[in-house]
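Here are my notes for your review. Please read them with the model open.

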Amino acid sequence: MKTLRECIADTKEKKVAIGHFNISNIEALHGIYSAAKKLNVPVIIGVSEGEETFIGLEEVATLVATLRTRDQYPIFLNADHHASFESVKRCIDAGFDAVIIDAAKLSFEENVALTKQCVDYARSVTASTGRDILVEGEIGYIGSGSNIKDSIPEGAGVLTKPEEAKHFVEQTGVDLLAASVGSIHGLIKSGKPHIHADLVAQIVTETGIPLVLHGGSGLRDEDFTNAIAAGTAIVHINSEIRLAYRDALKKFLTENENEITPSKILQPAIDAIEAVVESRLKLFNGLA
Ligand SMILES: [Zn+2]
């Protein structure tokens, strides 16, 4: 079975991207995993600090590792947007496959120092255990929160300069990079952000490492395909599946007031997540 690093290397040759989907509960995990297995493509499960607290840090690590081992399937776990060394370390220690240290709001120097600390720790764990752990750094503020926003938040959307990204990667040694290339976290009511695919290509060329596209929810199909062709290896989707889950749950509860069996109440929400993930995975993997 391929490692996450090998799956990421494959994306470059195949001109595809791996889908990264966040969960807060086991229902979402079931929906995402069903979609990935149906298409037989690798998949990354993400948990933010809040999502990880809700589902349980060791619990989510065990769930994902169990699926991977039992089915010999390339499903991986990522610590999405963790803000401190301590929170990154906890995830690495619990067995996560990848972590994102999000210090993009700090100064360049502070961002480099904190990111480097996380990279050094991941490498020390690899040296002592043989476990490969990928570290993603972030440069350029792309907003925060997988929610519905009226407009693009203040201070977000300033595009990352390729040369600054190059210095950041050289000084930190990160495996993956999140940069500001036009997308914003969350679903924007006042219009769809646009991805600058030429900037993606420039950053990938300058840094020599794959780019991760954040804030994918609500983007046009061609924004994804252009970004993937330009060197995006992973695409993050969260708000779209949250919305699908909420809407399916609301509809079922409204239409079935007397139903109290959790498996029946939650199945339509799982199916709704599966449908969104399947359609996104098809697009990211050129199967549409
Ligand atoms: Zn993100």
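At what angle do the axes of helix 10 and helix 11 cross? The points below start there. Note that this is a predicted model.

1. **Helix 10 and helix 11: geometry.** The crossing angle is roughly 150°. Helix 10 spans residues 239–255 and helix 11 spans residues 262–284. Their axes come within 8 Å. Angles over 145 degrees count as roughly antiparallel, so helix 10 and helix 11 are roughly antiparallel to each other. The crossing is right-handed.

2. **Helix 10 and helix 11: contact.** Helix 10 contributes Glu-240, Ile-241, Ala-244, Tyr-245, Ala-248, Leu-249, Phe-252 and Leu-253. Helix 11 answers with Lys-264, Ile-265, Leu-266, Pro-268, Ala-269, Ala-272, Ile-273, Val-276, Val-277 and Arg-280. By class, the contact holds 15 nonpolar residues, three charged and no polar.

3. **Helix 2 and helix 4: geometry.** Helix 2 covers residues 26–39, and helix 4 covers residues 57–71. The axes come within 12 Å and cross at roughly 30°. Angles under 35 degrees count as roughly parallel, so helix 2 and helix 4 are roughly parallel to each other. This crossing is right-handed.

4. **Helix 2 and helix 4: contact.** From helix 2 come Ile-26, Leu-29, Tyr-33 and Lys-37. They meet Leu-63, Val-64, Leu-67 and Asp-71 of helix 4. Six of the contact residues are nonpolar, two are charged and none is polar.

5. **Helix 7: the buried side.** Helix 7 runs over residues 162–172. Its buried residues are Pro-162, Ala-165, Phe-168, Val-169 and Thr-172. Why do they share one side of helix 7? They cover an arc of only 120° around the axis, which puts them on the same side. The general rule is that an α-helix has 3.6 residues a turn, so residues three or four places apart point the same way.

6. Just after helix 7, Gly-173 takes a positive phi of about 75°.

7. **Val-47.** Leaving aside neighbours within four places in sequence, its contacts include Asn-22, Ile-23, Glu-52, Ile-55, Leu-77, His-82 and Phe-96. Val-60 is another contact of Val-47. Val-60 sits 13 residues apart from Val-47 along the chain, and their C-alpha atoms are separated by 8.6 Å.

Definitions and conventions:
Residues numbered from 1 in each chain as written. Predicted model: local features only at pLDDT ≥ 70, side-chain atom pairs only at ≥ 80, totals over all residues. Heavy atoms only, no water. Buried < 20%, exposed > 50% of the residue type's maximum accessible area, 1.4 Å probe, protein only. Helix = DSSP H or I, 4+ residues; strand = E, 2+ residues; numbered from the N terminus. Arc of directions from axis to C-beta. Axes fitted to C-alpha atoms, helices over the stretch in contact; angles between N-to-C directions. Parallel < 35°, antiparallel > 145°, perpendicular 65-115°, else oblique. Left-handed = near helix turned anticlockwise from the far one by under 90°. Contact = heavy atoms within 4.5 Å. Nonpolar A, V, L, I, M, F, W, Y, C, P; charged D, E, K, R; others polar.
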